[in-house]
Amino acid sequence: MESVNTMDINKEINKLLSTIETSLGNRLKERNQYIHNLQWEHHNQLSKLKEENKQLKDELEELRKMNQKNYTEKEQLKKQFKLFGESHNLTCEQQARLQHGLLPYS
């Protein structure tokens, strides 16, 4: 009778071990899915940030081009004002006033 009791105990232990293994396996699958979801979410966020960064770099490059164009135009205007002032015998002060839009220059 004792051996039957041991067999029943072993069966119960095996059932409990199987239940524990199944439970742990399910928890492990859930945790792995959670980690996978986090990794995917971070990947998506990183992709968005990379795209935003690219757009900002493009915008910055456009602004730099516009700035260079404005600087070039400003330098050309300075030269034109200077030539105008020299051709009209204006003093340095009068030329400066003319360049800054402080008219009349005479």
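This is a predicted model: local features need pLDDT of at least 70, side-chain atom pairs count only at pLDDT 80 or more; totals for chains, interfaces and linings use all residues.
At 41% relative accessibility, Asp58 counts as partly exposed.

**Asp58 and Lys54**
- Asp58 and Lys54 sit four residues apart in helix α1, so about one helical turn lies between them.
- Lys54 has a relative accessible area of 45%, which makes Lys54 partly exposed.

**Lys15 and Glu12**
- Here's another salt bridge: the side chains of Lys15 and Glu12 meet at 3.6 Å, N to O.
- Helix α1 covers residues 2–87, and Lys15 and Glu12 are three residues apart in it, so they're separated by about one helical turn.
- Lys15 comes out at 51% relative accessibility and counts as exposed, because the exposed label applies over 50%.
- Glu12, at 44% relative accessibility, counts as partly exposed.

**Lys65 and Glu62**
- Lys65 and Glu62 also pair up through their side chains, with a salt bridge of 4.0 Å, N to O.
- Again helix α1 holds both partners: Lys65 and Glu62 are three residues apart, so about one helical turn separates them.
- Lys65 is partly exposed, and its relative accessible area is 48%.
- Glu62 counts as partly exposed too, with 43% relative accessibility.

Definitions and conventions. Residues are numbered from 1 along each chain as its sequence is written. Side-chain values use heavy atoms; hydrogens and water are left out. Helices (H or I, at least four residues) and strands (E, at least two) are DSSP runs, numbered from the N terminus. Buried means under 20% relative accessible area, exposed over 50%, partly exposed in between (1.4 Å probe, protein chains only).
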